[in-house]
Amino acid sequence: MSDSTRVDAMRQGAEAASIGATRTRTIVLTLIGAAILLAVLKPWIPSVLVRLPDDAILPWADWLDAGFSWLQNDIGLIHVTRTISGWLGFLTDAAANILYGKARWPRLEALPWSVVAACSAVLGFWLGGWRLALLAGGTFVWTALMGQWRWAMETLSVIAVAVPFGFCIGLLLGMCAWKSRRFEEALRPVLLVLQTLPFYSYLLPAVIFFKVGPTAASVATIVYSMPPMILMTIVGLRKVPPDVVEAGRMSGCTRWQMLRYVFLPSARSEILVGLNQVIMLALAMVVLTAFIGMPGLGAKLLAMMNSFKLGRSFEIGVTIVLLAVTLDRLSKAWVVKQPEHFERGTPWWQRHLFLLLGIATFMLFYLLSQFLPILDEIGRRQSLSRGSEIDTLIKGFLGISWVKAITDFIRWFFNIWVLIPTELALLFLPTFTVILAMTGIGYLLGGWFPALVAFLFFSAVAQLGWWDRAMLTLHSTLTAVFLAMLFGMPLAIWAAQRERASRWMIFACDTAQTFPSFIYLLPAIMLFGITPITVILAILIYTMVPVVRYTVEGLRGVPREITEAADMAGATRWQKLWKVEFPLAMPTIAVGLNQAFIFAFFMVIIAAFIGTRDLGQEMQRTLAGTDLGKNFTLGFSVVFMALSLDIAINSWARKRREILGQ
Amino acid sequence: MDSDTPVISAERVWKLFGPNPEAYLSRMPEGHSFEDIRSDGYIAGVKDVSLEVSKGEMLVIMGLSGSGKSTLVRCFSRLHDITGGVVKIDGQDIMSLNATELIELRRSKMGMVFQSFGLLPHRTVLENVAFPLEMRGQDRHARRERALEMVRLVGLDGREDYFPRELSGGQQQRVGIARSLAIEPNIWFLDEPFSALDPLIRREMQDEFLRLQDMLGKTIVFITHDFDEALRLADRIAIMKDGAVEQVDTPDKIVLDPATEYVAKFTEEVDKASVVHASVLAREGESVDGEPVPGNATILSLARRLVEDRSDTIPVSLPDGRTGALDRKAALAVLFGEKE
């Protein structure tokens, strides 16, 4: 295309945009105005617009229940799942036997902890030198010394089964989606829903179809961890350079050979990044399976937090974080590890040095642990856990008068001046006001499609029948994300001005993102006990991570020439920030904001066990029974709200990027 | 198949990109231009191209980016399925082959070198070179032997166990060349093989390429956007624009007698004396006294003789053993770049 036609097209685009801008303003103002009018005239408008009356709400839960029971009994899905359940149970039992000596096939003894620690150190050394060796070995030494070995192994035994399954099924589905456009188009919305579906909606079906315990935990974990694997596989296979593909075809590859020798190896990096994601999500989920009675670190943490044993909780929290960081670093090191060539004539043992070293370490520590029982197992009495001391320390610290004064003030201030007023306001608003306002915001951000989605989805939430609870959920997420931006943005702007600080900040955020979400409740509970503030604080900490990360990345990503041009144009630092850097960074920041909302919806549901009054609370109650229908109506209320925001923000970011030519 | 059959022949080949190219081509009026086609929502990658390449010949396809030269070569190897016309390899219509036969054809007869090398990053040099052999199921020992031989041929001995990322661009392309030659193809496609290399390395690789071609005598289709490279390497040059071939001829003829204005623009800057050979300017059958000059000498290399010799015509020994007469004035005009 010639330059002049491009310029023409752009000018036409700009004119259309400016006409569009006034039209957008009119539509948005009309929608928002109508919403406000409804709120003001609340006492006089028909009650249908304020809240849908109960008899207008269809019995979705019953219908869903009927559907599920039809699937389960009439179609006979239950037999299929019970068969799968048998196989998975066999595998998790085998893993459990090897890791902590559960009395099942293959009836080996549990691996001594020292063997696991030493071998992971060797693995770490091979993948990333002595730092990783220290991290990997140190994590397991810590776990053993703290007397948490068995719980950690219970957790890992589920991961050991779930990750290979999640990886293989994800890879397979990814390849199908890459081959068939139609399959991909069908898959995309499913993945979107899975991404926003609250974890209780993974847990309950898993329990009903796969029985309580490790099997249900594995199934929930597999389903939860799979989506990014699918996406990364598609991305990787699409990115194989055309030259490489053509070279393969000209080499006379058959279709199978193309896949096996050309596509899959060339997409290695992306596929391994997918594996990394699978591992991290699996860890996050397996911790949460504590809610369906899966023993392990998560269950212990839940129990300790419930009984307010802060010291023990803290120690378990550290273990979970260490495990997360170790698994993340090891799998990421594998992504970047490139094969090295050996000079001709290198002896066999030198080519396989690390494999031999690993075997030798295994044997050495296995033998040693036969003679030194302390290397085999560390009992509760021998452990170095200092739970009660830390407990006293934390409680002592919180009991100091000025600390107590501060936390009390924060609690009072937020409750009285922030949380309660905004919550009451949101509950006051007529249903139809919220729907119209959301539609207006959707139109403002992304045009008619997000507006339509917001209208339909929020109407659906009203129709599903849990409106007030949905508003409470929405309230928590909005407040927390707003606060996260309030605190996170200045921090990110400060860091982005400095080379070293930005690097540290991104590193810290990336590390924090690998922590299982459950962990974020810990500091909140430590500071504020079990109160509404705790929920907001947990979400706030959790969502600040993406907000800060993407803001720093967006600001740092502004091209050098452009900031230099701004400097040469005589812009002050603030002018440069507001007029140049922020506009260019906005699409990236929007991605962070979107992630923050998704994270917030996830976290607010987890926080239910602290005692919220929102959708999460109801969902948690369904876990006790077999209320699959109710669970799903609640779950989809969350999905609909989250997806409306997701679609609106994403389409805004995409439009912005187009305009900026990014 | 007799020896006169061209190795590659293309008759009225079309390659259109768009929603439904076959249907469009069948109802498209004769003489539609590239722009007409584009305004109908189609892109003419290859537009009504007919040409032949005979055994042992090197045809260079020259054109700017987007002129369709890469598309054309992909039609010859059926990396693209053509929209209309016929492409024959050794007399066989390649569009009639089924998938297995096509794979067999590529495994036995064709080699291709790519602009950005197309090496498999997870395989060593040796494994990359052996790749086509592995695909056709040759046993490990034989393919290793052959691959080592190829690696030596392109001068990479000692680097067999390196990975592509450990090599320079020039070295990577040597691997690409070795791989394309591993199956001993008759036909060798090179798609801008040296364009991604810096000028010094490019020159070196061209010399290397000429050396290999002297040794191997393959039938070659070579693509370039660099006119100097085309002149340096080609037996014949096809110049492409907007998917169509503007002129196919020997370098001498293209420089002396460009068929269209577009071609003429390319030749303007060329030092014709270094391209045109004595045999092309010579009139056959006239006998002239004196020491004959070789027919494959360029006018530039004869400069001293042309200036010092006072006779009107200079004898030339033609390739077929006869002699011809070179008009000294005409040759001097070429030497000094004067228009006739």
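Analyst: Two strands pair if DSSP finds at least two bridges between them; helices (H or I, at least four residues) and strands (E, at least two) are DSSP runs, numbered from the N terminus. This is a predicted model, in which local features need pLDDT of at least 70 and side-chain atom pairs count only at pLDDT 80 or more, while totals for chains, interfaces and linings use all residues. Residues are numbered from 1 along each chain as its sequence is written, and chains are lettered from A and ligands numbered from 1 in the order in which they are written.

User: Which strands stand at the edges of the open sheet of 4 strands in chain B?

Analyst: The order of this sheet in chain B is S2-S1-S4-S5, and its pairing is antiparallel. Each edge strand has a single partner strand, so one side of it is left without a neighbour in the sheet. The strands in that position in chain B are S2 (43-53) and S5 (92-93).

User: Over how many bridges do S1 and S4 of chain B pair, and what is the bridge partner of B:Ile8?

Analyst: Strand S1 (residues 8-17) and strand S4 (residues 84-89) of chain B pair in the antiparallel sense over 5 bridges. Within S4(B), the residue that partners B:Ile8 is B:Ile89.

User: Which strands stand at the edges of the open sheet of 6 strands in chain B?

Analyst: Here the pairing is mixed, and the order in chain B is S6-S7-S8-S3-S9-S10. A strand with a single partner strand has one side left without a neighbour in the sheet, so the edges of chain B's sheet are S6 (110-113) and S10 (244-249).

User: In what sense do S3 and S9 of chain B pair, and which residue is the bridge partner of B:Leu59?

Analyst: Strand S3 (residues 58-62) and strand S9 (residues 236-241) of chain B are joined over 4 bridges in the parallel sense. The bridge partner of B:Leu59 in S9(B) is B:Arg236.

User: How many residues of domain 1 of chain A are in contact with domain 2 of chain A, and which helix gives the largest share?

Analyst: The domain assignment of chain A, whose bounds come from an automatic or database domain assignment, gives domain 1 (78-384) and domain 2 (464-660). Counting two residues as in contact if their C-beta atoms, placed from the backbone, lie within 7 Å, 32 residues of domain 1 of chain A touch 30 residues of domain 2 of chain A. The largest share of that side of domain 1 of chain A, 9 residues, comes from H14(A).
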